[in-house]
Amino acid sequence: MIMLTRFSKAFLFTVFALFLLGSLALLHPPSRTYVDTWTGDFLGEGGMMPILSPAQGAKGEVIMPKLGNATAKAELGRATWKLLHTMTLRFPDEPRQDERDALNNYFHLMSRLYPCGECAAEFQKLLKKYPPQASRNRPT
Ligand SMILES: *[C@@H]1O[C@H](CO)[C@@H](O)[C@H](O)[C@H]1NC(C)=O
């Protein structure tokens with residue numbers, strides 16, 4: 001079991017929270033559905049929901065080794081939190097499909113490339129446990 005500093009736990013929680021919010025709000029839109037104008041029902045095209053597939057290289061093992069230095073880890077966490085917070089704040093309310101894909105890929109890539117290897121591994125577990133496909137089920 002990896003010991004995480006209080007801050008990296010907070011960071012992972014934040015990432016996870018942002019990720020979940022992102023999943024709920026953005027990552028699984030009913031993009032292939034339309035409203036039947038006669039009945040008002042939501043219909044899917046052939047019952048197929050789009051599966052978000054991460055871009056090439058976005059899936060795979062964590063790349064960086066363990067970052068033992070707690071000070072460096074905390075600094076990295078703060079900076080990343082700032083980045084993600086600002087990014088999600090400024091992300092469009094009604095993103096296009098390619099913008100949703102970009103965010104999805106970003107999260108997957110970050111879970112590989114985050115420079116604190118042990119943090120990245122935790123993040124990958126979260127992504128596996130809560131894949132972006134299994135999120136949204138309310139209509140807009
Ligand atoms: C740990 O990281 C901090 C901040 O990056 C750095 O100033 C310090 O020298 C590092 N300590 C060691 C032992 O590498």
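D101 is located in helix 3, helices (H or I, at least four residues) and strands (E, at least two) being DSSP runs numbered from the N terminus. The structure is a predicted model, in which local features need pLDDT of at least 70, side-chain atom pairs count only at pLDDT 80 or more, and totals for chains, interfaces and linings use all residues. Residues are numbered from 1 along each chain as its sequence is written. D101 counts as partly exposed because 17 other C-beta atoms lie within 10 Å; by the criterion applied, a residue is buried if 20 or more other C-beta atoms lie within 10 Å of its own, exposed if 12 or fewer, and partly exposed in between, with C-beta atoms placed from the backbone. A distance of 8.6 Å separates the C-alpha atoms of D101 and A55, which are 46 residues apart along the chain.

The protein contains 4 helices and 2 strands, arranged from the N terminus in the order α-β-β-α-α-α. Of its 140 residues, 19% are buried. Contacts were assigned to pairs of residues whose C-beta atoms, placed from the backbone, lie within 7 Å. Among contacts between residues at least 6 apart in sequence, 77% join residues at least 24 apart.

The mean pLDDT of the protein is 72, and 54% of the residues score at least 70. Helix 2 (residues 70–90) has the highest confidence, at a mean of 95, whereas strand 2 (residues 42–44) has the lowest, at 45. Residues 1–10 remain under 50 in pLDDT, and the model has 10 contacts beyond four places in sequence for them. Residues 133–140 are likewise below 50, with 13 contacts in the model beyond near neighbours in sequence. Where pLDDT is low, the predicted coordinates should not be read in detail.

The largest nonpolar core comprises 8 residues, namely L103, F107, Y114, C116, C119, A120, F123 and L127. Such a core is a set of buried Ala, Val, Leu, Ile, Met, Phe, Trp, Tyr and Cys residues joined through C-beta atoms within 7 Å. At least two residues of this core come from each of helix 3 (97–113) and helix 4 (117–129); helix 4 provides the largest share, 4 residues. Y114, a member of the core, contacts M64, C119, A120 and F123 when neighbours within four places in sequence are left aside.

Helix 3 and helix 4 pack with their axes 7 Å apart, at an angle of about 145°. Axes are lines fitted to C-alpha atoms, for helices over the stretch in contact, and angles run from 0 to 180 degrees between N-to-C directions. On the helix 3 side, F107, H108, S111 and R112 meet A120, F123, Q124 and L127 of helix 4. The residues of this contact divide into 4 nonpolar, 3 polar and 1 charged, where Ala, Val, Leu, Ile, Met, Phe, Trp, Tyr, Cys and Pro count as nonpolar, Asp, Glu, Lys and Arg as charged, and the others, Gly among them, as polar.

The loop between strand 2 and helix 2 includes V62. V62 is partly exposed, since 19 other C-beta atoms are within 10 Å. Apart from residues up to four places away in sequence, V62 touches R112, G117, A120, A121 and Q124. V62 and Q124 are 62 residues apart along the chain, with their C-alpha atoms separated by 8.0 Å.

N69 also lies in the loop between strand 2 and helix 2. N69 is classed as exposed because it has 11 C-beta neighbours inside 10 Å. The C-alpha atoms of N69 and C116 are 9.5 Å apart, the two residues being 47 residues apart in sequence. Around the ligand are N69, T71, A72 and E75, a residue being near a molecule or strand if its C-beta atom, placed from the backbone, lies within 6 Å of it. The shell consists of 1 nonpolar, 2 polar and 1 charged residue.

How values were computed
Two residues are in contact if their C-beta atoms, placed from the backbone, lie within 7 Å. pLDDT is the predictor's confidence in each residue, from 0 to 100.
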